[in-house]
Amino acid sequence: MILSMALQAPPALCADPDPLQDFCIADLSTTSTPINGFPCKPASNVTASDFIYNGLAVEGNTTNPFGSNVTPANVLAFPGLNTLGISMNRVDLAPGGLNPPHHHPRASELDIVLKGEVLIGFISSGNVYFSNVLREGQIFVIPKGMIHFQMNVGKEKGLLITTFNSQLPGAVVAPLALFAANPAVPNKVLTKALQVDESVVQLIKSKFAASS
């Protein structure tokens, strides 16, 4: 009986439905809370410019403590992606630059290196570390939700494009989440979790406060 009911369950309960229209340019001016997408801009107001985004053509500023810059092309930056389930980022890395450990709660990721030598790695839920140094034209896949990073290990600038199977993959950057959250994560939690003195936690927090 239960099996019969499961087999008859509507497809919408099993996966996200496909779009029911050719496109749905996001209307970001809405004041309502978006649920799995934004309201559509009226089709009569859509023009060819709604399908173009130039943001990834500009090199990012890597003058910061991490030596990296992420330029997003998600639905918030490129409304034409609304309901399509895709997005990408441009990641610029200075020599020695790091896109710090982070994870995307809503997407798997596929990275392609366009310039430089980039160490890319992720840690599985079993605490196994997978990594490789990639060069121009090589790609690396990061499963959904895995903590990962990209680091330029070459002598020249690094550049890669990261692609996602979500219009808004989200990003939780580990060091910022732990040491620069607002309100702050209690020191007693961090000292216990990291097995360090409170002075160490305070020192790390001060570095993020100085760079913010």
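Predicted model: local features only at pLDDT ≥ 70, side-chain atom pairs only at ≥ 80, totals over all residues.
Biologist: How many helices and strands does the protein have?

Modeller: General idea: helices (H or I, at least four residues) and strands (E, at least two) are DSSP runs, numbered from the N terminus. Here there are four helices and 10 strands. Along the sequence, the pattern reads α-β-β-β-β-β-β-β-β-β-β-α-α-α.

Biologist: Okay, sheets next. What is the strand order in the open sheet of five strands?

Modeller: Two strands pair if DSSP finds at least two bridges between them. In this open sheet the order is 6-5-8-3-10, with antiparallel pairing. Strand 6 (129–134) and strand 10 (172–173) are the edge strands, each pairing on one side only. Look at strand 3 (residues 98–103) and strand 8 (residues 147–152): three bridges hold this antiparallel pair. Leu98 faces Met151 of strand 8 there, standing opposite it.

Biologist: And strand 2, which strands does it pair with?

Modeller: Strand 1 is joined to strand 2 by six bridges, and the two run antiparallel. Strand 2 also pairs with strand 9 (residues 158–164), again in the antiparallel sense, over seven bridges. You can check two facing positions: Pro72 stands opposite Asn89 in strand 2, and Ser87 stands opposite Phe164 in strand 9.

Biologist: Is strand 2 mostly covered or mostly open?

Modeller: First the words: buried means under 20% relative accessible area, exposed over 50%, and partly exposed in between (1.4 Å probe, protein chains only). Strand 2 is mostly covered, with six of its seven residues buried. For the protein, buried residues make up 32% of the 212 residues. Asn89, which lies in strand 2 (residues 87–93), counts as buried because its relative accessible area is 12%.

Biologist: Where does UniProt place the feature "binding site"?

Modeller: A caution: UniProt positions are given in the numbering used here, feature names are shortened, and annotations may be inferred rather than shown by experiment. An unreviewed UniProt entry puts one "binding site" at Asn89, Asn99, His104 and Glu109. These residues span 21 residues in sequence, yet no two of their C-alpha atoms are more than 14.2 Å apart, so they gather at one spot. Asn89, Asn99, His104 and Glu109 from this set are in the lining of the second largest pocket.

Biologist: What makes something a pocket?

Modeller: Picture a 1 Å grid over the protein atoms alone: a pocket is an open set of points with protein on both sides within 12 Å along at least five of seven lines, whereas in a cavity a 1.4 Å probe fits but cannot get out; lining residues have an atom within 4 Å of a point.

Biologist: Which residues does the "binding site" annotation with His148 cover?

Modeller: From the unreviewed UniProt entry, that annotation covers His102, His104, Glu109 and His148. Though they span 47 residues in sequence, no two of their C-alpha atoms are more than 12.0 Å apart, so they gather at one spot. His104 lies in the loop between strand 3 and strand 4 (109–115), and counts as buried because its relative accessibility is 6%.

Note on methods
Residues numbered from 1 in each chain as written. Heavy atoms only, no water.
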